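Colleague: Thanks for making time for me. Could you walk me through this one?

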Amino acid sequence: MPKRHSLRVDPISCDGHGLCAELLPELIGLDEWGYPVLRATEVPGTLLDHARRAVAACPVLALRLDRASR
Amino acid sequence: MTEQPAVLSSTSALDDLTGPHGARLLHGWLTTGGPADLNEHLNRYGPPPLPRTTRRRTVAPLVRAVEDAGLTGRGGAAFPTGRKLRTVAEARGPAVVVANGMESEPASRKDEVLLALAPHLVLDGAVLAAVAVGAQVVHLCLPRTRQDQIRQLAEAVQQRRQRGIDPVPTQVHALPHHYVSSEETSLVSWLNGGDARPAVTPPRPFEKGVDSRPTLIDNVETLAHIALIARYGPTWFRRAGRPEAPGTTLVTLSGAVRQPGVYEVPMGLPLDAVLDVAGGRSAPLGAVLLGGFFGSWLAAREAMAVPFTKSALAEVGAGPGAGVVIALPESACGLVETARVLEYLAAQSAQQCGPCRLGLPAVAADFAELAAGGAGDLERLERRVGLLPGRGACRHPDGASRLAATALRVFAEDVRHHVRNGPCAGAEREPVLGVGASHAPEGRDWR
């Protein structure tokens, strides 16, 4: 069964470091204070590796990649 | 605002159970003119109709009755109550019931009035729900600022214990009374020993809440309706309201109406009929704020014929919220009123999430500038408003965004006038939306 991957920010943990936007600019932008704005939550297969890297890079583990059955 | 409920002028079918003026929850008060103590409550309704046996692995009849009744939550979200009951009932392990009487919306008084006038309907409903979902305890959460109410409810619970009415114990709790403290996850966090501040979901409380148990959280009015559905059934419940929005609902009507206060109305009355219940408008209206500070502005001319239901209001970009309707007279300035509320909402942020902690004060400051007649940067304000929703742990920034966005739309003419000519005459008058003398909660205030 194909899996759907979606991004989620834990807004309480997030401190606005901004690494996620650097590593995944296709899906994540920053607001004027440096907090992430998700352009889309669903991660296409082509960006999956980048998304995993962004999730791993977050210093406070605020970025999550959820996997759900379609 | 006066807090006396006044007489209803509903036209729905009346019968003994419904009360003299179409009222159900307020029936006792309208009959006797006083709050119902335990004896009077038992004389009128009898003891709560508990099931004779609770068989495991079967859905309690009450769950089905509430589903059939079509009751929706009266705390603001209007989620189907029966579905929530079923979810918690089917979850693994013993559950917990939380009765939410926090009423943090400054423009709402209906929970306070209901708890004062018919406390035992609320307590009946909580205990009946607890038995139906397999809970072993009920937590009644009340705001610490209402000490008289806390004492009254603690006494009511004590009397029921002495009479052996409830198979499940009820504990009364006094919580900090901040705007976001009434949020479900705030209650769970506080009951688990933490701050009364929102938490990140998932898990939702119905999955993992108080003591990590499946937790049913319902507004106190919702529970009072359950107490009546348990006695009189879904068909009776549906005799008031509309097929898609059955029953009655409590509303708090304020602003430019002749008799501001808390009333019980059938769901689905057109908005002008809702205002008529409070004696009608006391001045020509410019707009109405529906759902309180968490709600939406509507121009009076587009609002008056709309039925007071979730689905009908959604079509015009609004919702019933917790039954708050504030009538804004033409003479008031919607921008000044909104700016004041946004400042309050910014101060009430739990300061946990960056987009709320930083975004709300920025939006409030932009709005204050606009209200004061400054040239301002309208584009920046709109961009900031658009970036608030969905970016906090709770819906606080979403609510503030909705308030600001609907204000910019409904008061668009005023915006142009302010930008061109400075503040209008409405800026001088006494506020219609009272935010009270609140301070920004910090540190230990949350516990």
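Modeller: Happy to! Helices here are DSSP runs of H or I with at least four residues, and strands are runs of E with at least two. Please keep in mind that this is a predicted model.

Colleague: Why is chain B described as being as compact as a globular protein of its length?

Modeller: Chain B has 17 helices and eleven strands. For its 447 residues the globule rule gives 22 Å, and chain B is as compact as a globular protein of that length because its radius of gyration is close to that value, at 22 Å.

Colleague: What does the C-alpha trace of chain B span along its principal axes?

Modeller: The spans are taken along the principal axes of the C-alpha trace. For chain B they come to about 70 × 45 × 35 Å.

Colleague: Are α13(B) and α14(B) roughly parallel or roughly antiparallel?

Modeller: Helix α13 covers residues 334-347 of chain B and helix α14 covers residues 354-371, and their axes come within 8 Å and cross at roughly 160°. Angles over 145 degrees count as roughly antiparallel. So α13(B) and α14(B) are roughly antiparallel.

Colleague: Which residue class do 14 residues of the contact of α13(B) with α14(B) belong to?

Modeller: α13(B) passes α14(B) in a left-handed crossing. The contact includes B:Leu335 and B:Leu342 from α13(B), and B:Phe367 and B:Leu370 from α14(B). One residue of this contact is polar and one is charged, while the 14 are nonpolar.

Colleague: How do α6(B) and α7(B) lie, oblique or roughly parallel to each other?

Modeller: Helix α6 spans residues 119-133 of chain B and helix α7 spans residues 147-163. Their axes come within 10 Å and cross at roughly 60°. Roughly parallel needs an angle under 35 degrees, and roughly perpendicular begins at 65. α6(B) and α7(B) are therefore oblique.

Colleague: Which residues of α6(B) meet α7(B)?

Modeller: α6(B) passes α7(B) in a right-handed crossing. On the α7(B) side, the residues are B:Gln152, B:Leu153, B:Ala156, B:Val157 and B:Arg160. From α6(B) come B:Pro119, B:His120 and B:Leu123.

Colleague: Where in chain B does B:Pro202 lie?

Modeller: A cis peptide bond joins B:Thr201 and B:Pro202, with omega about -10°. The bond from B:Pro202 to B:Pro203 is cis too, with omega near 0°. B:Pro202 lies in the loop between α8 (184-191) and β4 (215-219).

Colleague: What is phi of B:Ala78?

Modeller: B:Ala78 lies in the loop between α3 (61-69) and α4 (81-90) of chain B. Its phi is positive in a residue other than glycine, near 55°.

Colleague: Last one: how many residues of chain B take part in the contact with chain A?

Modeller: Chain A contributes nine residues. Those of chain A divide into six nonpolar, one polar and two charged. From chain B the number is ten.

Note on methods. Residues are numbered from 1 along each chain as its sequence is written. Chains are lettered from A and ligands numbered from 1 in the order in which they are written. This is a predicted model: local features need pLDDT of at least 70, side-chain atom pairs count only at pLDDT 80 or more; totals for chains, interfaces and linings use all residues. Two residues are in contact if their C-beta atoms, placed from the backbone, lie within 7 Å. Ala, Val, Leu, Ile, Met, Phe, Trp, Tyr, Cys and Pro count as nonpolar, Asp, Glu, Lys and Arg as charged, and the others, Gly among them, as polar. Axes are lines fitted to C-alpha atoms, for helices over the stretch in contact, and angles run from 0 to 180 degrees between N-to-C directions. Angles under 35 degrees count as roughly parallel, over 145 as roughly antiparallel, 65 to 115 as roughly perpendicular and the rest as oblique. A crossing is left-handed if the near helix is turned anticlockwise from the far one by less than a right angle, and right-handed if clockwise. The radius of gyration is taken over C-alpha atoms; the globule rule is 2.2 Å times the number of residues to the power 0.38.
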